[in-house]
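Visitor: I would like to go through this chain step by step. Please show it first.

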Amino acid sequence: MEFNPIFLFELLLFNGVVLAWAGYELWSVRKSVRNKPEPNSTPPDEPGHTEG
């Protein structure tokens, strides 16, 4: 059986792109989880009390 080296190069290139994209997506999700504010804190532009 004859093996085509272009097929191997294409396979490695495609898998590298897919893994790089997956790593970028994972890294972007992890950054947003790290910077998540605490659930009971108020945003900085809102006052800490109700006005009425």
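Visitor: What share of the accessible surface of the chain belongs to carbon and sulfur atoms?
Guide: This is a predicted model. The accessible surface of the chain comes to about 5600 Å². The part of that surface belonging to carbon and sulfur atoms is 65%.

Visitor: How many helices and strands does the chain have, and what percentage of its residues is buried?
Guide: The chain has 1 helix and 0 strands. A residue counts as buried when its relative accessible area is under 20%. Of the 52 residues in the chain, the buried ones make up 0%.

Visitor: Is Leu-12 buried or exposed?
Guide: Leu-12 is found in helix H1, which covers residues 5–34. Together with Phe-3, Phe-7, Leu-8 and Leu-11, Leu-12 forms a nonpolar patch on the surface, with about 500 Å² of accessible area in total. The cut-off for exposed is over 50%. Because its relative accessible area is 55%, Leu-12 is exposed.

Terms used
Residues numbered from 1 in each chain as written. Predicted model: local features only at pLDDT ≥ 70, side-chain atom pairs only at ≥ 80, totals over all residues. Heavy atoms only, no water. Patch = residues over 30% accessible without salt bridge, like charges linked within 9 Å, V, L, I, M, F, W, Y side chains within 5 Å. Areas by Shrake-Rupley, 256 points an atom, 1.4 Å probe, with all protein chains shown as cover. Salt bridge = Lys/Arg side-chain N within 4 Å of Asp/Glu carboxyl O. Helix = DSSP H or I, 4+ residues; strand = E, 2+ residues; numbered from the N terminus. Buried < 20%, exposed > 50% of the residue type's maximum accessible area, 1.4 Å probe, protein only.
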